[in-house]
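Keep the structure open beside you as you read.

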Amino acid sequence: MANIGIFYGSTTGNTEKVANLIRHAFGEGNADVYNVDTSELADIEKYPYLIFGVSTWGVSDLQDDFEDFMEILEQVNFSGKKVALFGLGDQSTYTDSFVDAMGVLYDWLKKKGVKVVGFVPRTGYSFISSMALLKDKLVGLAIDEEFESHLTGHRISDWVEMLKKEFI
């Protein structure tokens, strides 16, 4: 069984695509991917390492399926687990709220005492503000498939290499 569970919510397919690219970067058999729309508590609890992927809709709103998934997350025993986040957003159109949903999820997890890893330097991004920005780092991997899809592969590769060390 894989040690990493990747859970995503996707409306347009972009977050699903990124979740699968992340799974591929970890290597065959190391990570499983789940759509939060059909996930259950037991799916989450069997993994020591979790990755949650959420896109931002409008200003600071979680993707609809992920919003519903929060009821399941409320029941998870996160003791001994490490969690990483990735978020999708549009930093050109929503320059004041880029990947805010990832920040909303991070704040919720921190209130639960969850160990969150996988912070990414702000360097290379061009947004003005984000709820996912903590000092000079994003609380997870930020992906802009609308205007910077050419950077997605490199960003995922770098992030996964970092997570391989942090998930130890």
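## Rings that pair up

Searching the whole structure turns up 14 aromatic pairs. Take F7 and F52: their ring centres are 6.0 Å apart and their planes sit at 55°, so this pair is tilted. F7 and F52 are both buried. Keep in mind as you look around that this is a predicted model.

Y125 and F127 make another tilted pair, with 6.4 Å from centre to centre and 55° between the planes. Both Y125 and F127 are buried too. In general, two numbers describe a pair of aromatic rings: how far apart the centres are, and the angle of the planes.

Which residues do ring pairs link into a cluster? The members are F7, Y34, Y47, F52, F66 and F69.

## Charges over rings

Y125 and F127 have something else to show you. R122 lies over the face of F127, at 4.1 Å from the ring centre. Over the ring of Y125 sits the charged end of R155, 4.0 Å from the centre of that ring.

With a relative accessibility of 12%, R155 falls under the 20% cut-off, so it counts as buried. Besides sitting over Y125, R155 also has a salt bridge with E148, where the N to O distance is 2.9 Å. And E148? Its relative accessibility is 14%, so E148 counts as buried as well.

## Salt bridges

Here's the general idea: side chains of opposite charge can pair when their charged atoms come close. How many salt bridges does the count come to? It comes to four, and the R155 and E148 pair is one of the salt bridges you can find here.

Another one joins E145 and K17, whose closest N and O atoms are 2.9 Å apart. This pair links distant parts of the chain, 128 residues apart: E145 is in the loop between strand 10 (141-143) and helix 5 (152-166), while K17 is in helix 1 (residues 14-26). Are the two partners buried or exposed? E145 is buried, with a relative accessible area of 11%, whereas K17 counts as partly exposed at 42%.

Then there is the salt bridge between the side chains of E74 and K112, at 2.4 Å from N to O. E74 lies in the loop between helix 3 (64-73) and strand 5 (82-88), and K112 lies in the loop between helix 4 (100-111) and strand 6 (115-117), so this pair ties together parts that are 38 residues apart in sequence. Here E74 counts as partly exposed, at 44% relative accessibility. K112 counts as partly exposed as well, at 40%.

## A threonine and its neighbours

Next, find T56 in strand 3 (residues 49-57). Why does T56 count as buried? Its relative accessibility is 17%, and buried means under 20%.

What does the side chain of T56 reach? Another is the backbone nitrogen of A101, at 2.9 Å. Leaving aside residues up to four places away in sequence, T56 touches D61, L88, S97, V99, D100, A101 and M102.

Most residues other than glycine have a negative phi. With that in mind, look at V99, one of the residues T56 touches. V99 isn't a glycine, yet its phi is positive, at about 45°. You'll find V99 in the loop between strand 5 and helix 4. At 1% relative accessibility, V99 counts as buried.

K135 also has a positive phi, near 60°, and it isn't a glycine either. Look for K135 in the loop between strand 8 (133-134) and strand 9 (137-138). Is K135 buried or exposed? K135 has a relative accessible area of 79%, so it is exposed. So you have a buried residue in V99 and an exposed one in K135, each with a positive phi.

Definitions and conventions. Residues are numbered from 1 along each chain as its sequence is written. This is a predicted model: local features need pLDDT of at least 70, side-chain atom pairs count only at pLDDT 80 or more; totals for chains, interfaces and linings use all residues. Side-chain values use heavy atoms; hydrogens and water are left out. Helices (H or I, at least four residues) and strands (E, at least two) are DSSP runs, numbered from the N terminus. Buried means under 20% relative accessible area, exposed over 50%, partly exposed in between (1.4 Å probe, protein chains only). A polar contact is a pair of N or O atoms within 3.5 Å; within protein, one must be able to donate a hydrogen and the other to accept it, and residues adjacent in sequence count only if both atoms are side-chain atoms. Contact means heavy atoms within 4.5 Å. Rings of Phe, Tyr and Trp (its six-membered ring) pair if their centres lie within 6.5 Å; planes under 30 degrees apart count as stacked, over 60 as edge-to-face and the rest as tilted. A charge sits over a ring if NZ of Lys or CZ of Arg is within 6 Å of the ring centre and within 35 degrees of the ring normal.
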